[in-house]
Amino acid sequence: MTSGLELTLLLLGSAVLGVVAFRMLHLPPMLGYLAVGVLIGPNALALADNGPTTHGLAEFGVVFLMFSIGLEFSLAQLRAMRRIVFGLGLAQVSLTIVVTVLGALALQYLPLPVRIGWQAALALGGALAMSSTAIVSKLLTERLELESQHGRRIIGILLFQDLAVVPLLILIPSLARPAEELAMTLGWAAVKAAAVLALLLFFGQKLMRSWFTIVVKRRSQELFMLNLLLVTLGAAWITEHAGLSMALGAFVAGMLISETPYKHQVEEDIKPFRDVLLGLFFITIGMLLDLRLVLQNWYVVLLLLVLPVLLKFGLIAALAKAFGSSDGVAMRTGLALAQAGEFGFVLLNLASGSKLIDPFLIQLVLASMVLSMLAAPFIIANMDKIAMKVASNEWMLQSLQLTQLASRTMAAQKHVIIAGFGRSGQSLATLLSEEKLPWYALDLDPERVQEARTAGVNVSYGDCTRRESLIAAGINRASALVITFADTRLAVKVLHLVHELAPTLPVIVRAHDDTELEVLKKAGATEVVPEALESSLMLASHALVVMGVPLRRVVHRVQAARDERYASLRGFFHGAGDVSDDPEHSWVRLHSVTLKEDAGAVGRCIAELQLDEVGAEVTAVRRGQERIEPGRDTELRAGDVVVLRGTGSAVTRAEGRLLR
């Protein structure tokens with residue numbers, strides 16, 4: 001018998017190994033959790049069972065997921081996207097369920113080993129209608145396609161799918177009741193849901209805002225976190241005791257908090273709980289899978305993989321086309337949403353617990369859903385190629401866009417190409433216009449481009465990470481290129497293209513901070529503007545002017561800091577709230593080391609220590625009340641405080657050399 005602690009340690013250890021492995025393969029962590037669940041579950045190595053402890057942890061994962069969805073629920077956003085959300089999204093979910101139910105009824109006439117009633121078919125249709133918000137939104141963000149035409153349609157449909165989970169969480173358990181009780185059960189569930197929701201929304205809105213204000217005024221992070229957990233789990237408890245699902249209460253709690261000023265702080269605080277517990281939920285889903293049964297019926301699994309994916313692709317593409325999309329946009333929307341989603345597992349698990357669906361069929365559907373999610377990153381990565389080959393007019397439309405772009409910039413000479421026409425790009429364009437300097441901008445937000453072009457602004461819809469767009473924008477005739485979005489991976493891609501097309505063209509790149517400075521410089525950036533350091537310079541320059549320092553001297557100091565590539569500003573003393581240990585970033589930090597009598601560096605000069613070998617340097621030495629500017633020949637003494645600068649690992653190794 002495994003204790004609760006042993007089970008938790010097993011789940012956490014397995015989750016870490018699974019996520020590391022799938023991260024190395026550049027696959028979503030969710031798939032790592034599912035794979036780990038299959039491996040350690042009762043149908044494989046049998047290291048863990050699907051007992052009450054495991055189910056309890058998994059249920060909390062769903063609670064926090066629904067709470068996060070509630071936080072993102074915005075009436076303003078729904079109003080802005082109502083045609084896509086309540087038109088295209090509603091049609092997609094409804095028709096997927098209807099087609100699944102009709103298909104199940106048609107299969108009743110075939111000699112199959114498993115019979116599917118309309119109740120089970122409805123539950124299956126709800127599960128299959130879902131797509132993976134986590135996978136799709138992440139991939140679209142990486143591809144800079146969230147604001148594209150197909151990106152907006154995809155996000156709108158995903159938003160409705162998330163909302164559709166709420167009534168499905170109420171409906172599916174009710175379907176397990178006898179047919180004669182079904183109408184009454186559904187009616188009673190609807191009445192209870194309406195009463196609880198009205199109570200929570202009517203009284204909860206004012207109460208939530210007032211209560212959070214009281215808690216925040218206490219200025220205690222610990223109290224804020226405790227209150228957040230209390231609100232989330234308290235709302236889940238209320239709906240559970242009303243005969244509804246815990247997830248519904250968590251969703252309402254998130255929705256109430258989304259209307260308060262503390263929404264963004266709550267999002268950050270709840271994220272660790274949500275991600276960890278949701279990971280454990282996906283492990284329990286993986287535990288349900290019996291690989292032997294799946295392998296014995298591989299042809300059925302393959303059929304259940306191909307048919308729903310093709311059905312969803314065809315259905316979504318046809319609906320997108322009916323709602324006015326071009327062939328290429330419709331195909332991309334269908335391809336991105338063809339896979340199964342995390343809420344599909346939630347609904348399938350609920351249907352399984354309600355004994356609606358035969359366990360044998362659950363296994364086969366579960367396996368097909370996992371495989372479809374594994375295929376999703378590869379489908380999305382190649383959806384442009386597929387759309388170009390299949391959609392007859394897609395190549396023509398893209399060629400027309402490039403031709404229009406080329407014709408608009410044909411007369412431009414010595415102009416500045418602005419990659420990204422957001423706030424930074426528009427500010428730059430304004431200053432260039434005031435100086436009578438020619439410029440042309442590329443952006444991927446069709447609404448922004450349309451509105452700006454209507455106002456007579458020199459901007460076109462175009463992807464600066466594509467060779468054809470840069471050529472059409474006249475890169476060979478340009479005097480400079482400015483990358484205004486702070487995405488290092490995409491900026492490096494643009495820099496490589498510029499190096500091929502116009503090696504001598506100056507390129508100015510925006511970055512978040514100094515951690516990306518060297519990477520961008522090596523990729524060919526002429527100048528890198530780190531936002532964090534530039535804002536520090538501006539604050540310092542204003543403070544110096546206010547304190548009476550002559551303006552010319554202030555300007556000289558600011559220019560000197562830029563000329564030395566912000567060397568004097570790079571690195572800072574990290575505190576408990578700084579993400580200095582993030583393994584994905586080479587954060588530069590400052591660190592103070594006090595030399596005691598037995599320290600190895602005492603009596604030696606800085607050059608002897610060869611700290612540059614480990615990637616660190618000495619920026620200052622404090623000796624008593626005196627601060628010494630260090631040189632290579634500076635001899636260190638007992639009691640000195642040595643200030644090191646470098647990445648976290650470099651500083652640690654340098655400290656070892658000083659003290660050893």
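User: Where do I start? How many helices and strands does the protein chain have?

Analyst: Start with the overall make-up. The protein chain has 28 helices and 11 strands. Then look at burial. Of its 660 residues, 49% count as buried. Next, look at contacts. Take those in the protein chain with a separation of 6 or more: residues 24 or more positions apart account for 72% of them.

User: The model is predicted. What does the protein chain average in pLDDT?

Analyst: Remember that pLDDT is the predictor's confidence in each residue, from 0 to 100. The chain averages 80, and 87% of the residues score at least 70.

User: Which elements have the lowest and the highest mean pLDDT?

Analyst: Helix α19, residues 394-409, has the lowest mean, at 56. Strand β4, residues 480-483, has the highest, at 92. Over residues 579-585, pLDDT stays under 50. The model has seven contacts beyond four places in sequence for that stretch.

User: Which residues of α23 are buried?

Analyst: Among them are Thr488, Leu490, Ala491, Val492 and Val494. Leu495, Leu497, Val498 and Leu501 are also buried. Look at the start of the helix as well. There, a side-chain oxygen of Asp487 comes within 3.2 Å of the backbone nitrogen of Arg489.

User: Now the aromatic rings. How many aromatic pairs does a search of the whole structure find?

Analyst: Four. For each pair, read the distance between centres and the angle between planes.

User: Why does the pair of Phe86 and Phe160 tie parts together?

Analyst: Phe86 is in helix α5, residues 82-107, while Phe160 is in helix α8, residues 149-175. The pair therefore ties together parts 74 residues apart in sequence. Phe86 counts as partly exposed, at 41% relative accessibility. Phe160 is buried, at 11%.

User: What are the centre distance and plane angle for Phe212 and Phe224?

Analyst: Their ring centres are 5.8 Å apart and their planes lie at 80°, so this pair is edge-to-face. Phe212 is in helix α9, residues 179-217, and Phe224 is in helix α10, residues 221-241. They are 12 residues apart. Phe212 is buried, with a relative accessible area of 0%. Phe224 is buried too, at 6%.

User: Let's turn to nonpolar cores. Which residues touch the most other members in the largest one?

Analyst: Met66, Phe345 and Ile357 do, in a core of 119 residues. Helix α8 gives the most to this core, with 14 residues. A second, separate core has 29 residues, including Ala478, Val492, Val494 and Ala523.

User: What is Ile357 in contact with, leaving aside its neighbours within four places in sequence?

Analyst: Ile357 is in contact with Ala120, Ala123, Leu124, Leu348, Ala351 and Ile362. Asn297 lies in the loop between α13 (291-296) and α14 (298-322). It counts as buried, at 12% relative accessibility. Beyond four places in sequence, Asn297 is in contact with Phe360 and Leu364.

User: How do I read backbone angles? What is phi of Lys436 near?

Analyst: Here is the general idea. Most residues other than glycine have a negative phi. Phi of Lys436 is near 60°, a positive value. Lys436 sits in the loop between α20 (423-434) and β2 (439-443). It is exposed, with a relative accessible area of 74%.

User: Where is Gln610 found, and what is its phi near?

Analyst: Gln610 is in the loop between α27 (606-609) and β9 (617-623). Its phi is near 50°, again a positive value in a residue other than glycine. Gln610 counts as partly exposed, at 40% relative accessibility.

Note on methods:
Residues are numbered from 1 along each chain as its sequence is written. Side-chain values use heavy atoms; hydrogens and water are left out. Helices (H or I, at least four residues) and strands (E, at least two) are DSSP runs, numbered from the N terminus. Contact means heavy atoms within 4.5 Å. Buried means under 20% relative accessible area, exposed over 50%, partly exposed in between (1.4 Å probe, protein chains only). A polar contact is a pair of N or O atoms within 3.5 Å; within protein, one must be able to donate a hydrogen and the other to accept it, and residues adjacent in sequence count only if both atoms are side-chain atoms. Rings of Phe, Tyr and Trp (its six-membered ring) pair if their centres lie within 6.5 Å; planes under 30 degrees apart count as stacked, over 60 as edge-to-face and the rest as tilted. A nonpolar core is a set of buried Ala, Val, Leu, Ile, Met, Phe, Trp, Tyr and Cys residues joined through side-chain atoms within 4.5 Å.
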